[in-house]
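I opened the notebook for another walk through a model, friend. Here is what I looked up, entry by entry.

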Amino acid sequence: MAKLPVDSVRTAFREIVRAIRYARRVSVDPQNVASSLLAVKDLRIAFSGQEAVRGISFDIAPGETLGLVGESGSGKSATSLALLRLLPPSAAISGCIQFLRVDGAVEELLSLPEEAMRRHRGQSIAMIFQEPMTALNPVMKVGRQIAEALLAHAPRTPRAQVRERVLAAMREVALPDPERRMEDYPHQFSGGQRQRIVIAMALICKPRLLIADECTTALDVTVQAQILELLKTLKREHNLSMLFISHDLAVVAQVADRVAVMRHGEIVEQGSVVQVLTRPQHDYTRNLLASAPTMHTLRDRPLATMVRSGV
Ligand SMILES: Nc1ncnc2c1ncn2[C@@H]1O[C@H](COP(=O)(O)OP(=O)(O)O)[C@@H](O)[C@H]1O
Ligand SMILES: [Mg+2]
């Protein structure tokens with residue numbers, strides 16, 4: 001008899017355990033309607049025994065944008081990847097990630113079977129990253145790529161409707177001349193336009209949660225402002241919830257309703273944007289604020305981080 005590879009047996013076993021946990025945990029209780037779309041409780045992530053995320057908890061309400069801010073290496077991306085269960089198998093994850101289904105049931109994403117999780121990715125939870133080219137295929141026309149994002153979750157959409165949805169998505173993210181440009185390849189677009197294409201792909205299945213991880217970091221300031229404006233408009237029009245991640249508190253403050261400040265894998269402070277900006281409770285937040293250039297920054301005085309690091 002052929003020997004089954006140990007890895008596939010392990011994976012299958014893990015999936016069965018997950019399915020059992022899922023069946024136990026999924027709760028449809030109309031009496032107890034959760035107010036959060038996403039509730040993360042005591043999330044811990046470790047890589048080779050090193051804890052990168054140390055028991056963080058946060059909520060995102062329907063239609064709300066939570067800004068997650070912190071210096072590089074503080075655990076922001078690891079957190080966002082854990083929400084979609086996209087971390088490598090070597091990552092040890094514990095805690096609870098609850099997601100509110102359309103029917104009012106609350107699902108525990110960490111114990112969801114892989115098949116159900118795959119349906120969530122892109123459909124109810126979409127993600128955009130810093131570098132749009134990582135999400136785009138350089139040798140495929142952009143219209144086709146946006147169509148594929150739709151067909152991945154709605155494969156039976158009639159052809160004519162697919163074209164209409166693609167054009168509508170391109171219009172929605174203000175890509176110029178969509179009928180003509182859908183035939184172009186990614187390299188024929190600017191960096192800002194490429195990020196708009198990725199946003200169109202992310203939103204075409206009408207997700208309820210959008211995770212944006214440093215999505216404007218690679219763009220120059222003017223284009224960054226345009227993309228932030230676009231995200232704000234889309235969020236308003238679609239009642240979209242967003243987890244907006246950036247190392248830059250000034251950027252986060254432009255789009256977020258609430259802010260969580262992360263440092264060394266912990267959330268050291270969270271509150272409304274106004275609260276965090278005007279009455280920061282933690283020294284680290286005060287430093288982040290002091291290091292952000294503003295209209296009132298004195299040009300003859302170095303920024304706080306530069307003073308601290310001796311640059
Ligand atoms: N796949 C991985 N394997 C090993 N360590 C990782 C991996 N991903 C992230 N880390 C580590 O986890 C910590 C947090 O990283 P990350 O979440 O990418 O930070 P941020 O997005 O805030 O810059 C870092 O110390 C990083 O080196
Ligand atoms: Mg990151």
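**Entry 1: around the ligand**

I began with ligand 1, whose shell divides by class into four nonpolar, six polar and one charged residues. For these classes I count Ala, Val, Leu, Ile, Met, Phe, Trp, Tyr, Cys and Pro as nonpolar, Asp, Glu, Lys and Arg as charged, and the others, Gly among them, as polar. The model is predicted, so I ask for pLDDT of at least 70 for local features and 80 or more for side-chain atom pairs, while totals for chains, interfaces and linings use all residues. Residues are numbered from 1 along each chain as its sequence is written, and chains are lettered from A and ligands numbered from 1 in the order in which they are written.

Which residues surround ligand 1? I noted Phe 47, Ala 52, Gly 70, Ser 72, Gly 73, Ser 74, Gly 75, Lys 76, Ser 77, Ala 78 and Pro 88. A residue counts as near if its C-beta atom, placed from the backbone, lies within 6 Å of the molecule. Helix H2 (residues 76-83) gives the most to this shell, with three residues. My helices (H or I, at least four residues) and strands (E, at least two) are DSSP runs, numbered from the N terminus.

**Entry 2: the four-stranded sheet**

Next I traced an open sheet of four strands, in the order S2-S1-S4-S5 and with antiparallel pairing. Strand S2 (50-60) and strand S5 (106-108) are its edge strands, each pairing on one side only. Two strands pair here if DSSP finds at least two bridges between them. Neighbouring strands of this sheet are turned by 10° against each other on average, direction ignored. Axes are lines fitted to C-alpha atoms, for helices over the stretch in contact, and angles run from 0 to 180 degrees between N-to-C directions.

I then followed strand S1 (residues 38-47), which is joined to S2 by eight bridges and runs antiparallel to S2. Ala 46 has Glu 51 in S2 as its bridge partner, and Ala 39 stands opposite Asp 59 in S2. The hairpin of S1 and S2 has two residues between the strands, and Ser 48 there takes a positive phi near 45°. Eight bridges also join S1 to strand S4 (residues 91-100), again antiparallel. Here Ala 39 stands opposite Gln 98 in S4.

**Entry 3: the six-stranded sheet**

I found an open sheet of six strands with mixed pairing, in the order S6-S7-S8-S3-S9-S10. Strand S6 (125-128) and strand S10 (266-272) each have a single partner strand, so one side of each is left without a neighbour in the sheet. S6 and strand S7 (residues 209-213) run parallel and are joined by four bridges, with Ala 126 opposite Leu 210 in S7.

I also checked which helices lie on this sheet. Helix H12 (residues 283-290) packs on the sheet and touches S3, S9 and S10, its direction making about 105° with that of S9. H2 lies across strand S3 (65-69), S6, S7, strand S8 (241-246) and strand S9 (258-263), and runs at about 150° to S7. Contact means that the C-beta atoms of two residues, placed from the backbone, lie within 7 Å.

**Entry 4: H5 and its two partners**

How do helix H5 (residues 142-151) and helix H8 (residues 191-203) pack? I read an angle of about 25°, with their axes 8 Å apart. H5 and H8 are therefore roughly parallel (angles under 35 degrees count as roughly parallel, over 145 as roughly antiparallel, 65 to 115 as roughly perpendicular and the rest as oblique). Val 142, Gln 145, Ile 146 and Ala 149 in H5 meet Ile 197, Ala 200 and Met 201 in H8. This contact has six nonpolar residues, one polar and no charged.

H5 also packs against helix H6 (residues 159-172), at an angle of about 110° and with their axes 9 Å apart. That makes H5 and H6 roughly perpendicular to each other. Gly 143, Ile 146, Ala 147, Leu 150 and Leu 151 in H5 meet Val 162, Arg 165, Val 166, Ala 169 and Met 170 in H6. By class I noted eight nonpolar, one polar and one charged residues in the contact of H5 with H6.
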